Amino acid sequence: MCFDWLFKERKTGYSIRGFWGQLKHYNKDGVQIGYTVRGFWGQRKRYDMNGNLLHYTIRNFWGGYNTYDPQGNLIRRSHRNFWGGFNTYDKYGKKRY
């Protein structure tokens, strides 16, 4: 059947865009674990279900994104690659998957 993918068991979590544009994040069991809200200038803030800020992401000069923890410490950064995708690096410059 063409809708079997809706009912098969998930191995990881997933995200769904809400009516007002926010992203709702779920674990593999279908329980909501957090949400992401976009700001006016394109920044994204991710919260847990208690309203605590987990991290925020800001667009950088080169078209990628820098992600920071709530204290303002860099977690990771990404850069646009030649094919239009993103290469992600940790705060030390080591390439991530």
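The structure is a predicted model, in which local features require pLDDT of at least 70 and side-chain atom pairs count only at pLDDT 80 or more, while totals for chains, interfaces and linings use all residues. Residues are numbered from 1 along each chain as its sequence is written, and side-chain values use heavy atoms, with hydrogens and water left out.

The protein chain contains 8 strands and 0 helices, where strands (E, at least two residues) and helices (H or I, at least four residues) are DSSP runs numbered from the N terminus. The order of elements from the N terminus is accordingly β-β-β-β-β-β-β-β. Of the 97 residues in the protein chain, 22% are buried, that is, under 20% relative accessible area with a 1.4 Å probe, protein chains only. The accessible surface amounts to about 8100 Å², and carbon and sulfur atoms contribute 55% of this surface; areas were computed by the Shrake-Rupley method with a 1.4 Å probe. Among contacts (heavy atoms within 4.5 Å) with a separation of 6 or more, 0% join residues 24 or more positions apart.

Asn-60 is located in the loop between β5 (53-59) and β6 (65-68). Its relative accessible area is 14%, and Asn-60 is therefore buried. Beyond its neighbours within four places in sequence, Asn-60 contacts Tyr-65, Asn-66, Ser-78 and His-79. A polar atom of the Asn-60 side chain lies 2.8 Å from the backbone nitrogen of Gly-64. The backbone oxygen of Ser-78 is found 3.4 Å from a polar atom of the side chain of Asn-60.

Conventions. Buried < 20%, exposed > 50% of the residue type's maximum accessible area, 1.4 Å probe, protein only. Polar contact = N/O pair within 3.5 Å; in protein donor to acceptor, adjacent residues only side chain to side chain.
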